[in-house]
Amino acid sequence: GLLTLPPPQSTPGRRPVRSPVVATPVPPAAPGAGLTVRLVRLAERPRWRALLATHHYLGDAHPVGETRCYVATYGGQWVALLAWGAAALKCAARDAWIGWDAALKARRLHLVVNNVRFLVLPDPPCPSLASQVLGRTVRRLSADWQARYGHPILLAETFVDPARFRGTCYRAAGWVAVGRTKGYGRHHAGYHAHGIPKQVFVRPLRPDAARQLAAPFPPPVEEGRAMLDVN
């Protein structure tokens with residue numbers, strides 16, 4: 001009689017009914033959160049080239065002329081690699097889209113660059129990573145060219161093998177399909193027929209890129225920087 005117990009909360013011999021524990025869902029990171037694109041450092045070049053050689057179906061990149069190489073990182077980890085180089089000397093679909101003649105092309109081809117390699121490394125960490133990387137690279141491309149070579153970029157181009165890819169990430173990043181190549185590739189000093197026509201994509205880096213490239217007069221000075229013709 002010294003203690004008074006509370007009434008039982010459950011029937012003897014039965015387990016009490018407990019409310020299920022519901023885990024609070026953790027919202028996923030926003031697409032692209034933590035994603036950065038930067039130039040590859042000199043000390044990183046061996047790793048960058050080795051990854052391309054291992055994972056890209058064309059192997060390592062050997063861009064010619066003016067060149068810029070990039071790495072995309074996500075949470076500090078490498079997730080994609082890109083290489084940009086001189087534009088193709090001959091590309092009928094691109095030239096028709098621009099509307100320039102041979103003389104203007106010879107003077108202004110340096111204002112066009114070619115995405116010669118694009119590799120998303122295995123196990124990408126977020127959806128639509130490829131198009132996000134392309135978008136971020138294109139936004140800084142002209143400024144990087146200006147800083148390194150003294151002139152901006154008006155247009156980017158790339159060639160996609162339709163037997164392997166559809167070019168979906170390029171389309172999602174604002175690139176435009178303008179036609180196909182004739183199935184020739186450059187080899188040393190000449191061209192050879194490889195029989196694999198590529199889909200040609202272009203990405204204007206400013207809305208009036210085609211008009212500026214095909215203008216009968218030199219492109220204007222913008223923000224104190226002249227887009228000079230090559231004489």
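Seven strands form an open sheet of mixed pairing, in the order 1-2-3-4-5-9-6, where two strands count as paired if DSSP finds at least two bridges between them. Helices (H or I, at least four residues) and strands (E, at least two) are DSSP runs numbered from the N terminus. The model is a predicted one, in which local features need pLDDT of at least 70 and side-chain atom pairs count only at pLDDT 80 or more, whereas totals for chains, interfaces and linings use all residues. Residues are numbered from 1 along each chain as its sequence is written, and side-chain values use heavy atoms, with hydrogens and water left out.

The edges of the sheet are strand 1 (35-39) and strand 6 (176-180), each of which pairs on one side only, and the twist from one strand to the next averages 30 degrees. Axes are lines fitted to C-alpha atoms, for helices over the stretch in contact, and angles run from 0 to 180 degrees between N-to-C directions. Strand 3 (residues 77-86) and strand 4 (residues 112-120) are joined by seven bridges in the antiparallel sense, with Arg 117 of strand 4 as the bridge partner of Ala 83. Strand 4 runs parallel to strand 5, to which three bridges join it, and here Val 112 has Leu 155 in strand 5 as its bridge partner. Five of the six residues of strand 5 are buried, so this strand is largely enclosed by the rest of the structure; buried denotes under 20% relative accessible area, exposed over 50%, and partly exposed the range in between (1.4 Å probe, protein chains only).

Helix 1 (residues 45-55) lies across strand 2 (68-74), strand 3 and strand 4, and runs at about 90 degrees to strand 3. Helix 4 (residues 129-149) lies across strand 1, strand 2, strand 3, strand 4, strand 5 (155-160) and strand 9 (199-204), at about 30 degrees to strand 1.

The loop between strand 4 and helix 4 contains Asp 123 and Ser 128. Most residues other than glycine have a negative phi; Asp 123, however, has a positive phi of about 60 degrees, and Ser 128 has a positive phi of about 50 degrees. Asp 123 is exposed at 71% relative accessibility, while Ser 128 is partly exposed, with a relative accessible area of 46%.

The structure holds ten salt bridges, each defined as a side-chain nitrogen of Lys or Arg within 4 Å of a carboxyl oxygen of Asp or Glu. Among them is the contact between Arg 38 and Glu 44 at 2.8 Å, N to O, in which Arg 38 and Glu 44 are buried. Asp 95 and Lys 105 likewise form a salt bridge at 3.1 Å, N to O, and this pair links Asp 95 in helix 2 (residues 92-98) with Lys 105 in helix 3 (residues 102-108), ten residues apart. In the salt bridge of Arg 164 with Asp 161 the closest N and O atoms are 3.9 Å apart, and Asp 161 is buried, with a relative accessible area of 7%.

Phe 165, in the loop between strand 5 and helix 5 (168-172), is partly exposed, with a relative accessible area of 44%. Together with Tyr 57 and Leu 58, Phe 165 makes a nonpolar surface patch of about 280 Å².

Key. Contact means heavy atoms within 4.5 Å. Patches are made of residues with over 30% relative accessible area and no salt bridge: like charges are joined within 9 Å, nonpolar side chains (Val, Leu, Ile, Met, Phe, Trp, Tyr) within 5 Å. Accessible areas come from the Shrake-Rupley method with a 1.4 Å probe; for residues, only the protein chains shown count as cover.
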